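This report walks through a structure by its contacts, its helix faces and its surface. Have the coordinates open while reading.

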Amino acid sequence: MIRLQVIDDEPAILKAIQRLLRQEDWQVDTFSDPQDALQALTGASYNLILCDLRMRQLDGITYLQFARQRQPGAMRLLFSGHGDRESLVQAINQAQVQRFISKPWDDYELLETLRSCLQLQQLQMEQQRLLLQVQQQQDQLQRQQQALQEMQRRHPQLFSLTRAEDGSILLEEHPG
């Protein structure tokens, strides 16, 4: 199941997001206290973390930096009504935020942003799975090649052919 964490120190914002996301088949954990949200990172695995930039207890960039350390695979999004360029650059560079969402938001745009971020995460996970599978297959192929080389070294007669002048393979009978 897809699980989201939403952090904002304004309860009305959290309720609005919960109402909006109710139509999705996602578990949405909301927190008005960033310390409680940090605690939740140790007990739950999140696909996506959406955090307000400016909160009284802790700013969103710092929170997302902690979240990145605890759950590096989670998509990190920042939202705010105060979007200055310096904050955005800091969010991208320090917390590796994937998206910035302006407040107030358009419901359709917010939903599509969350869906596309979750879809990107699923693609990244699939890419990692396939990469691991390819690495395992390469390791297996290398072991098989080593076994074949060892067999060639021990039994070279198994790998040599005698050909006639016309190119056909001559079968030699060995006395039994």
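A salt bridge here is a side-chain nitrogen of Lys or Arg within 4 Å of a carboxyl oxygen of Asp or Glu. By that rule the structure, a predicted model, holds 9 salt bridges.

**Salt bridges**

| Pair | N to O distance |
|---|---|
| Arg3 and Asp29 | 2.8 Å |
| Lys103 and Asp8 | 2.6 Å |
| Glu112 and Arg115 | 2.6 Å |

Take Arg3 and Asp29, whose side chains meet at 2.8 Å. Arg3 sits in strand E1 (residues 2-7) and Asp29 in strand E2 (residues 26-31), so this bridge ties together parts that are 26 residues apart in sequence. Arg3 is partly exposed, at 22% relative accessible area. Asp29 counts as buried, at 14%.

The bridge between Lys103 and Asp8 has an N to O distance of 2.6 Å. Lys103 belongs to the loop between strand E5 (99-102) and helix H5 (107-154), and Asp8 to the loop between E1 and helix H1 (11-21), so the pair ties together parts that are 95 residues apart in sequence. Is Lys103 buried or exposed? Its relative accessibility is 17%, and because buried means under 20%, Lys103 counts as buried. Asp8 is buried too, with a relative accessible area of 0%. A network of salt bridges links Asp8, Asp52 and Lys103.

Glu112 and Arg115 both lie in helix H5, 3 residues apart, about one turn of the helix. An α-helix has 3.6 residues a turn, so residues three or four places apart point the same way. Glu112 is partly exposed at 32% relative accessibility. Arg115 is partly exposed at 30%.

**The cis bond at Pro104**

Most peptide bonds are trans. The bond that joins Lys103 and Pro104 is cis, with omega at about -10°. Pro104 lies in the loop between E5 and H5. Lys103, on the other end of that bond, is the residue that bridges to Asp8.

**Helix faces**

Which residues of H1 are buried? They are Ile13, Leu14, Ile17, Leu20 and Leu21. Seen down the axis of H1, the buried residues fall within an arc of 125°, so they line one face of the helix. Pro11, Ala12, Lys15 and Arg19 are exposed on the other side of H1. The cover over the buried residues includes E1, E2, strand E3 (48-52), strand E4 (75-80) and H5.

Helix H3 (residues 60-70) has buried residues as well: Gly60, Ile61, Tyr63, Leu64 and Ala67. Their arc around the axis is only 155°, which puts them on the same side of H3. At the start of H3, a side-chain oxygen of Asp59 comes to within 3.1 Å of the backbone nitrogen of Ile61.

**A buried glutamine**

Gln5 lies in strand E1. Its relative accessible area is 0%, so Gln5 counts as buried. What does the side chain of Gln5 reach with a polar atom? That atom lies 2.9 Å from the backbone oxygen of Ala37. Neighbours within four places in sequence aside, Gln5 is in contact with Asp29, Phe31, Ala37, Ala40, Leu41, Tyr46, Leu48, Ile49, Leu50 and Tyr63. Among these contacts, Asp29 is the salt-bridge partner of Arg3, and Tyr63 is one of the buried residues of H3.

**The surface**

Thr42 lies in helix H2 (residues 34-43). Thr42 counts as exposed, at 59% relative accessibility. Where does its side chain reach? The side chain of Thr42 comes to 2.6 Å from the backbone oxygen of Gln39. Thr42 and Glu172 are 71 Å apart, C-alpha to C-alpha, and 130 residues apart in sequence.

Leu148, Met151, Leu158 and Phe159 form a nonpolar patch on the surface. Together they have about 380 Å² of accessible area. Leu158 lies in the loop between H5 and strand E6 (162-163). With 58% relative accessible area, Leu158 is exposed.

Conventions:
Residues numbered from 1 in each chain as written. Predicted model: local features only at pLDDT ≥ 70, side-chain atom pairs only at ≥ 80, totals over all residues. Heavy atoms only, no water. Helix = DSSP H or I, 4+ residues; strand = E, 2+ residues; numbered from the N terminus. Buried < 20%, exposed > 50% of the residue type's maximum accessible area, 1.4 Å probe, protein only. Polar contact = N/O pair within 3.5 Å; in protein donor to acceptor, adjacent residues only side chain to side chain. Arc of directions from axis to C-beta. Contact = heavy atoms within 4.5 Å. Patch = residues over 30% accessible without salt bridge, like charges linked within 9 Å, V, L, I, M, F, W, Y side chains within 5 Å. Areas by Shrake-Rupley, 256 points an atom, 1.4 Å probe, with all protein chains shown as cover.
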